[in-house]
Structure formats: C-alpha cells, structure tokens
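Please look over the sequence and the structure before reading on.

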Amino acid sequence: MLLISCFRLIKNFVRTGDYPVSLIMADCNYLKQTNDTLGHEYGDLLLQRVASVIRGSIDSSGIAMRIGGDEFLILCPHCSAERAAWMIANMKQKLVEKSDEKLTLSASFGSATIADDSLSFEEAYKLADQAMYQEKEAFHASSPR
C-alpha cells in the first residue's frame, strides 16, 4: 500500500518538463547486525543518520522517502543517469565519513533514469530496485560472515 502511495506521489510530483528523472533506491547494509549487536535504539540511530546523509545529498528539487524497514526511494527531477551515479558515489562517501566506532553507515544503491514518458515509474522503480539488490548481493558476497 505504501508503494502505491509513493507512485501516486511521484506522478503528481513529476511533470513532463522535469525529464530526465532518476529514481534511486537505497538499502542500509548493517541494520540487522546493528539491531542484533547494539540494540534497536542504535538501529534507529543508524536509520536516522543514513536518512540525514540522503537528505543532505540531493538537490532541492528532489524528494527522499523511507519506503520500508531500511529502504529509501529518492526521486530526482532534471537528473541524468550520470548525475544520479555521481550522487550515489557522493552519498557512499558521506556515509563513510559519518561512520564512527559504534555505527558503520553503508547502503547499497540502484538507479534508473526516465528520459521521457515511454518508461513508466513502476518500470523504473523495478529497474532501480533490481540494481540495488544486485549491489546488495555483491556486498554480502564480499563481506566476511
């Protein structure tokens, strides 16, 4: 239901003149580990810090929303695929910089860019979500267990 509300918001938020529009998905990498080892209050703090980095990294025309436990959707009007890739790299760097001895901030990202109305928001969301999960799988494959 929340995702349906997000799609309605996106359709109302983006106008034809806003293309290209990039959708960026983010999923926190250490939330479960943080909750299990430090407790849910630190998990909540981790989410707040990640959200703060995301909010501070997007243009004023963009919008970021939490769409699930540790997932965020970032909508960026007038944002090319190249600009979205730069924003993702910037967010990753800021997450590293905001990490401390207790909380390691990290997220997996995926994006899709809509150049015109030939790609629906639902299709772009699925593409961004798939890309995010591919990065998440690669992260887990390279992380020590």
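The sections below treat the chain as a whole and then turn to one helix.

## Overall architecture

The structure is a predicted model. Five helices and four strands make up the secondary structure of the protein chain. Along the sequence, these elements are arranged in the pattern α-β-α-α-β-β-α-β-α.

## Burial, contacts and surface

The protein chain has 145 residues, and 43% of them count as buried. Among contacts in the protein chain with a separation of 6 or more, 72% are between residues 24 or more positions apart.

The protein chain has an accessible surface of about 8,000 Å². Carbon and sulfur atoms account for 52% of that surface.

Helix α2 spans residues 31–38, and its buried residues are L31, T34 and N35. Viewed down the axis of α2, the buried residues lie within an arc of 95 degrees, and they therefore line one face of the helix. The other side of α2 carries K32, D36 and T37, which are exposed.

Which elements are included in what covers the buried residues of α2? Among them are β1, residues 21–28, and α3, residues 40–57.

Key: Residues numbered from 1 in each chain as written. Predicted model: local features only at pLDDT ≥ 70, side-chain atom pairs only at ≥ 80, totals over all residues. Heavy atoms only, no water. Helix = DSSP H or I, 4+ residues; strand = E, 2+ residues; numbered from the N terminus. Buried < 20%, exposed > 50% of the residue type's maximum accessible area, 1.4 Å probe, protein only. Contact = heavy atoms within 4.5 Å. Areas by Shrake-Rupley, 256 points an atom, 1.4 Å probe, with all protein chains shown as cover. Arc of directions from axis to C-beta.
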